[in-house]
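Good morning, everyone. Please have a look at the model on the screen before I take you through a few parts of it.

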Amino acid sequence: MGKVKVSTFAREMGTSDEKLLEQLRAAGVDKHSADQFVNDEDKRQLLAYLRKSHGGAEEEEEPAPSKITLKRRSSRQVKQSFSHGRSRTVEVEVRKKRTFVKRRREEELGEEEREPETVEAEAAELEMEGAGAGPAGVPEEQEAPAAPEEAEAEAAAEEAPTEEEAAPAEQGPAAPAEEAPAQPAEPAAEQPAPQEAPAPEKAKGKKGRKEAYEEEGHPKEEAEEGLESKKQRKKREKRAKRDSRKREDRRGFERPEPQVREVAVPGTISVDELSNRLAMKSAELIKQLFKMGVMVTKNDTLDSDTATLVVEELGHKVKHVSEEALEEEALATEKPQGEARGRPPVVTVMGHVDHGKTSLLDYIRRAKVAAGEAGGITQHIGAYHVDTDSGTLVFLDTPGHEAFTAMRARGAQVTDLVILVVAADDGIKPQTMEAIDHAKAAGVPIVVAVNKCDLPEAEPEKVKQELSQHDLIPEDWGGETVYVNVSAKNGDNIDNLLEMVGLQSEMLELQAVAEGPAQGIVIESKLDRGRGPVATILVREGLLQQGDVLLAGPEYGRVRALVNEYGENVESAGPSMPVEVLGLSGVPEAGDDAQVVTEERKAREISEMRHQRAKEQQIAANKRAKLEGMFEQMQQGEVAELPILLKADVQGSVEALRESLEKLSNDEVRVKVIHAQVGGINESDVNLALASDAIIIGFNVRAEASARRLIEQNGIDVRYFSVIYEAVDQVKAALEGLLEPEVTEEVTGRAEVRDLFRVPKMGTVAGCQVVEGHVTRNAKVRVLRDNVVIYNGQLDSLKRFKDDVKEVREGYECGMGIKDFNDLKLGDVLECYESRETARTLD
Ligand SMILES: Nc1nc2c(ncn2[C@@H]2O[C@H](COP(=O)(O)OP(=O)(O)OP(=O)(O)O)[C@@H](O)[C@H]2O)c(=O)[nH]1
């Protein structure tokens, strides 16, 4: 279709007019002047000639089978927008061109891949021809003279506005398309697009091309349509593909499968932790909670009910677990493994006050010093072991059943055997009975040491008799209980006692695995000024070694040193051995479990979890106490409560005070001792009092310096006493302040309504006669109609004739108005009364 001048065509091909004319002539196109025009047919002829002259171009004899691809042309329109703001709609006809170019050569290849090669190949042919026939220095830009698509593509790629402007419009093809020579890649008849656009377009850019196209007589729109470059098309197609992929992706994202998680919810959980478990942002969770009316922050703790509600609200499932279970799971792998072997028994000495428990323990200890243990027992670590003829025994150094019970209350039973000390001169006493009950409850066998047998008044047989009434039947009486008559004072028969204990424990067949990560129980702990936190651990199983990571209650740490009861550093401690552990992060409590953990990270995590739990439990307990109080108050009808935090010098005082104070409670006021303990008032006491609105009572104790500051800062009510009844009296006074004052009522007079007046601005005024007592201006008044109270209120006005008066006595007439009440009737009785409040006492 393109008709161009020879000179223009020569320029496009990068050759001289003469050379082109020569080639045209050689190809059989009769052209003699550079001003003559060449049409498509001429071009095709030239190309065929050139191919032939370069050999092997037979298959190119025929122009590209463009017709096949043209069919697709008309179908699509694409709106294209440019970065500079313009947009236009173009038809995707170019696609057909591409298809047709490829057809011939690379049928087995994919269309899109083939096309550039095809074009390049064709372009190369022309170039070769140009180079071969023309001057040696053909410029490089000429390499695509007859490859319009490539030229266009490049032009599009270089479509910078400056370039566009720089490209002179007159460089466009001047010749009409119909007479243009054959284009190897273009179907002359059916290709409206400017595929035959000559080489200069490359530099000219789209604008130039467009003008050129219009010059050729195409309507503007068509020109524009045809201007879409191959590269643009490619880009657009790519973009379309990408967009459709995106759309698919987005579709996938927009409609995710609703994922239902099973969320482990322990007793309490922090908002942050719950959001982690829900795999959502904490802000989102807080928002959800907010919607449910729960105002929390990230670090707040939710109870299990709230957590369950929110998890279910979010469409997930709740799995109630205790954190202990999670911990257990984490520690499940930390069990000592191996063959269980015999282990020494752990013995506790119990008995009534002054029956000789301490003396017995001391004697045994002394006996061991005498036996020549290196250095002797230099320190009290809560337990010690002794070697006897019948094996090693481990004694817990805290006599009495309190420690035993306290340990048991914490779920730690370390005692294997109990020595019950009974003074032969005193027999069974209340604490003897308690000791028996505790030992029985724990299922621990008892060996009875009948003590003080050195005393002349000793009656060991009587002790046997008394004890046998409590199921401790002596062996020589056919029972199973071993009795040994001893004297802790002079050591009589102590060896025999130890031997018996040894034999008895043999029968228990106590066993433990002595290798692997140790497990034990904290039996004592303290914060040592020089050594930091120190805990005595009684190893139950495994081997505790220096350098182990030990988790003890909420504390953990790498074991820096192990010290035995002789003050010696030891490398390790096996089953039933007590040993002091240095290196923990804090002081655990007696009765806490101790456990060697292989990974420090795990120990730290569990430690953090336990600390957090302890904190949460404390907070929850405080809150619960308050809530319960409120609930009870509601139930019991306005019960006032006085929370008290009690600290005293000795346990006896604690108990006595607690009891006396709690006894002050009655139906209306209640003393609630929220915490009672032996010791000075410390910061945590003050914090607890603060949280619970409690007053602090210090009995023979004072507040620590840091606690004093906190007390001052928060204005907490702290009272110090040294006499119990004074404390009780003061609390009683405080409670009396809390008692609702007693309200007594006195009827001062009655008046009968004899007449009624309507007074503007005042409402109804009753003309009355005082029939009983007197009425006063400020009196409270009840309206009685047929002896039924129909209104209870206040007098508004009291007049005699037209004057306001303060009081009207019996027999006199008066005018009475009642505040906010006008519905008076003749015959109503107005009962005036006064009410008095009297402070009440607890007596
Ligand atoms: N004669 C004699 N006196 C003894 C014997 N054992 C202990 N005592 C005395 O009994 C008194 C109380 O002995 P402790 O060992 O303190 O008794 P305890 O059971 O530990 O007492 P608490 O620690 O108060 O529970 C002391 O004065 C001892 O000297 C003994 O075998 N013979």
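What you see is a predicted model, in which local features need pLDDT of at least 70 and side-chain atom pairs count only at pLDDT 80 or more, while totals for chains, interfaces and linings use all residues. Residues are numbered from 1 along each chain as its sequence is written, and side-chain values use heavy atoms, with hydrogens and water left out.

Let me begin with the open sheet, where eight strands with antiparallel pairing follow the order β21-β20-β26-β17-β18-β25-β22-β23. Its edge strands, β21 (555–558) and β23 (569–570), each pair on one side only. Helices (H or I, at least four residues) and strands (E, at least two) are DSSP runs numbered from the N terminus, and two strands pair if DSSP finds at least two bridges between them. Inside this order, β17 (residues 519–528) and β26 (residues 593–596) are joined in the antiparallel sense by three bridges, and Ile521 stands opposite Asp593 in β26.

Elsewhere, β29 (residues 695–699) and β30 (residues 718–721) pair in the parallel sense over four bridges, with Val718 in β30 as the bridge partner of Ile696.

Cys768 is buried at 2% relative accessibility, whereas Cys453, at 26%, is partly exposed; buried means under 20% relative accessible area, exposed over 50%, and partly exposed in between, with a 1.4 Å probe and protein chains only.
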